[in-house]
Amino acid sequence: MGSTLDRNRSQIHGKDVLSSGNQWKDQAYQHPRRKTKSRSDVLNDLFRQGNVFREQGDFSQAVACYQKGLGIYPESTQLLNNLGLAFHGQNAYAKAIRCFAKSLAIDPACVEAHNNMANVYRDMGVWEVAIEKYRHALAIDPRNTIINYNLAIAFHMQRDLDWAARYYRNATAHHPPVADAHSNLGKLFQDGNRLREAIDAYTKAILLEPEHFDARFNRALAYLADGDFEKGWREYEWRFKRDRWKRVYPHRLAGLRWDGTPFPGKTLLVHGEQGFGDTIWFCRYLPMIKALGGKVVFEVRSELMTLMQQAFPGIDEFVPMSFDHPPACAYDGYLPLMSSAKLFSTTVKTIPADTPYLHVSQKSRKKWAMRTKGKGLAVGLVWAAGKTHVHERSCSFKDLLPLLDCELARFYGFQKGEDACQCAGINGRLDNLGAGFETFADTAGAIDCMDLIISVDTAVAHLAGAMGKPVWVLLPYAADWKWFLDREDSPWYPTMRLFRQTRAGDWATVVHRVLQELQSF
């Protein structure tokens, strides 16, 4: 599981609204006292009802309430502002902008309208206008922490990191401080490989909001990347509190979570989690788990099933994972596979790194042996990670083209899916095997026929490392925590070398270094 913007790092969260409150304030007129419900009371009811509907996500009903209120009092900036928020909730951007513009025509100093109009332009991707509107709002209320935070978000999304950091700090310097600003400032530091500063920022967010998921989880990744496994594994358990639980594991299992104590005579369900690479990476713990007890059942994705059965004959039962329902087998306790490191108190020095721990059958190898037979070095290439990974992990096949100039090597693609199309038209210099991979047993068979694997950070790299094959991994500047910082080797995989970007997005320099090494391999 990586420290990334989509999967494992927090997404950058903006404060979407500066809503007018739930208490109606009479703005422009007096009404006589009467026994029947006054205009002010009617407006108050419509305003509150609209807010309730909007908070519930029923934007159509909210629009109806606010419009009725405006029929009574068309000059209300509160109603216009909240009507704009309701239209924004419907993605009716033009209508929302018109509402905020009307509010500003009545009251040019309405901070809420400036901010909320900026949010609309932000969601439309019109960043220059959004930034301009946020700055208008700050000119009126420079100490407003929400607007400072939203402006920081805009700069962060545009990769203008210095300005983003400035406004995140503003959002934490005044009252009330925004915990998300500390968290996103931590993320900004983490993306710049400034781990200690990131940890400090996350800690400040947690002091303000102890249950802040993003800060907790991202701090875990920073601890792990920094080699502080004791703190990192403990906080890594926050992955199960993530709203998007299915990204980690699709079910919430009943029964007792295993605490690492011996379990003779009992059955333990170990379930794979997250991506294919994560399961390949952590299945090394299965023999250690089995040594502590009775029956071990391993629930694993079907694409990995054959490979795992070949590698771990000591595991009593393998069951395929379904996204539709939890496993039907009986068990006394369960364990998420990637919690094994915490239970075994793994440190950088005690990583169980004996390889190979995954093996390929002769049948799987034979399937690819004839197709890959020839003179020279057999090199497998992977240039794109799966769609669930951050795009920064991937390069393009075009980025790897200089490698094909190495005449001492034969090149084979291990790419599946749409990204495999990138190598179309390369006649004679690359044979893409990936289209024929049905399961990871196929992938392992093809890897076994290679002399070297060159891959971005994806499951193939993990598989080659687990098989003890020479593998060179191409890493982005802000690499996943498992690769630590400033290392060219991996304590997880002894046969692995790491080639890192020295600046974000620069694959050309990485590939040039790889080509130099390849020519002398």
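Visitor: In which handedness does helix 7 pass helix 9?
Guide: The model is a predicted one. Helix 7 covers residues 145-157 and helix 9 covers residues 179-191. The crossing of helix 7 past helix 9 is left-handed.

Visitor: Is helix 7 roughly parallel or roughly antiparallel to helix 9?
Guide: The axes of helix 7 and helix 9 come within 10 Å and cross at roughly 20°. Angles under 35 degrees count as roughly parallel. Helix 7 is therefore, relative to helix 9, roughly parallel.

Visitor: Which residues of helix 9 does helix 7 meet, and how many charged residues does the contact have?
Guide: From helix 7, Tyr 149, Ile 153 and His 156 take part, and they meet Asp 180, Ala 181, Asn 184, Leu 188 and Asp 191 of helix 9. By class, this contact of helix 7 with helix 9 has four nonpolar residues and two polar ones, and the number of charged residues is two.

Visitor: How is helix 8 oriented to helix 9, roughly parallel or roughly antiparallel?
Guide: Helix 8 (residues 161-173) and helix 9 have axes that come within 9 Å and cross at roughly 155°. Angles over 145 degrees count as roughly antiparallel. So helix 8 is, relative to helix 9, roughly antiparallel.

Visitor: How many nonpolar residues are in the contact of helix 8 with helix 9?
Guide: Helix 8 contributes Leu 161, Ala 164, Ala 165, Tyr 168, Arg 169, Ala 171 and Thr 172, while helix 9 contributes Ala 181, His 182, Asn 184, Leu 185, Leu 188 and Phe 189. Of the residues in this contact of helix 8 with helix 9, three are polar, one is charged, and the nonpolar ones number nine.

Visitor: Which strands are at the edges of the open sheet of five strands?
Guide: The strand order of this open sheet is 1-5-2-3-4, with parallel pairing. An edge strand pairs on one side only, and this holds for strand 1 (256-257) and strand 4 (317-320).

Visitor: Which residue is the bridge partner of Leu 268 in strand 3?
Guide: Strand 2 (residues 263-271) and strand 3 (residues 293-300) run parallel and are joined by six bridges. For Leu 268, the partner in strand 3 is Val 296.

Methods
Residues numbered from 1 in each chain as written. Predicted model: local features only at pLDDT ≥ 70, side-chain atom pairs only at ≥ 80, totals over all residues. Heavy atoms only, no water. Axes fitted to C-alpha atoms, helices over the stretch in contact; angles between N-to-C directions. Helix = DSSP H or I, 4+ residues; strand = E, 2+ residues; numbered from the N terminus. Parallel < 35°, antiparallel > 145°, perpendicular 65-115°, else oblique. Left-handed = near helix turned anticlockwise from the far one by under 90°. Contact = heavy atoms within 4.5 Å. Nonpolar A, V, L, I, M, F, W, Y, C, P; charged D, E, K, R; others polar. Pairing = 2+ DSSP bridges.
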